[in-house]
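Reader: I'd like to learn how to read helix packing in a model. Can you walk me through it, general idea before the particular case?

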Amino acid sequence: MQQRRRLREDLLDAAADLIIERGFRRVRMQDVADAVGVSRQTVYNEFGDKWGLAQALNLRENERYLDGVDAALSDHADLYSAVAAAVAYTLRTAADDPLKKATLTGEGSEDLLPLMTTHAEPVLFAARERIVSHAVRQWPGLDAAEVAELADAVIRLTMSHVMLPTDPADVIAERLARLVARYLRLPDTDAAAGPPAAGSAAS
């Protein structure tokens with residue numbers, strides 16, 4: 001099991017490097033196999049086809065982003081600052097991410113864009129589940145259903161700004177943090193209060 005997991009990671013690493021270097025359209029399954037020193041059939045056995053490889057790579061990269069989001073949330077006691085930090089981290093990381101740039105603007109990028117648009121459900125669901133789990137654990141006074149609604153909206157808005165940045169990361173981050181704070185009826189910049197305790201009256 002460990003050996004197969006290592007092989008899968010090596011194949012995904014090779015695919016990422018090749019996509020960055022050549023663009024998705026010019027990457028063949030044989031190229032990925034050659035980079036790792038395995039047969040082309042091994043790559044097909046692991047991912048099914050080239051689209052399956054792209055999906056697996058996208059999901060792995062999403063988990064890496066979510067590791068950073070977890071860290072950003074954990075670094076702040078109040079929800080407003082935590083959301084702002086998590087969004088800013090995501091936008092800045094994406095702006096400097098060569099694989100994300102290849103996905104959005106590289107040769108054959110139109111073949112990969114559905115992973116962030118019409119076929120983004122696996123990424124959205126994974127991100128929402130992980131963020132909701134973290135939020136209700138860190139701030140137990142939050143309502144999980146409300147957090148799920150907010151997380152879905154903030155994730156979608158953040159992804160849209162990754163694809164089409166129009167303002168600095170900090171501006172977008174503060175904007176989305178205000179959206180969360182106002183939905184939950186929290187002070188926009190209260191760095192100490194955090195969310196209201198369960199059962200407390202809304203102000």
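Reader: In which hand does H1 cross H2?

Author: The idea: a crossing is left-handed if the near helix is turned anticlockwise from the far one by less than a right angle, and right-handed if clockwise. Here, H1 passes H2 in a right-handed crossing. Helices are DSSP runs of H or I with at least four residues, and strands are runs of E with at least two, numbered from the N terminus. This is a predicted model, where local features need pLDDT of at least 70 and side-chain atom pairs count only at pLDDT 80 or more, while totals for chains, interfaces and linings use all residues. Residues are numbered from 1 along each chain as its sequence is written, and side-chain values use heavy atoms, with hydrogens and water left out.

Reader: At what angle do H1 and H2 pack?

Author: Axes are lines fitted to C-alpha atoms, for helices over the stretch in contact, and angles run from 0 to 180 degrees between N-to-C directions. For H1 (residues 2-22) and H2 (residues 29-36), the angle is about 120 degrees, with the axes 9 Å apart. That makes H1 oblique to H2: angles under 35 degrees count as roughly parallel, over 145 as roughly antiparallel, 65 to 115 as roughly perpendicular and the rest as oblique.

Reader: And which residues of H1 and H2 meet?

Author: Contact means heavy atoms within 4.5 Å. On the H1 side, the residues include Leu-7, Leu-11 and Arg-22; on the H2 side, Asp-31 and Val-32 are among them. By class, this contact of H1 with H2 has eight nonpolar, no polar and three charged residues. Ala, Val, Leu, Ile, Met, Phe, Trp, Tyr, Cys and Pro count as nonpolar, Asp, Glu, Lys and Arg as charged, and the others, Gly among them, as polar.

Reader: What about H1 with H6?

Author: Ala-16, Ile-19 and Ile-20 in H1 touch Pro-98, Leu-99 and Ala-102 in H6. That contact of H1 with H6 has six nonpolar, no polar and no charged residues. H1 passes H6 in a left-handed crossing.

Reader: How do H4 and H8 lie, by their crossing angle?

Author: Their axes come within 10 Å and cross at roughly 20 degrees, so H4 and H8 are roughly parallel to each other. The residues of the contact of H4 with H8 divide into nine nonpolar, five polar and four charged.

Reader: What is the secondary structure of the protein chain overall?

Author: The protein chain has 10 helices and zero strands. Its C-alpha trace spans about 60 × 40 × 25 Å along its principal axes.
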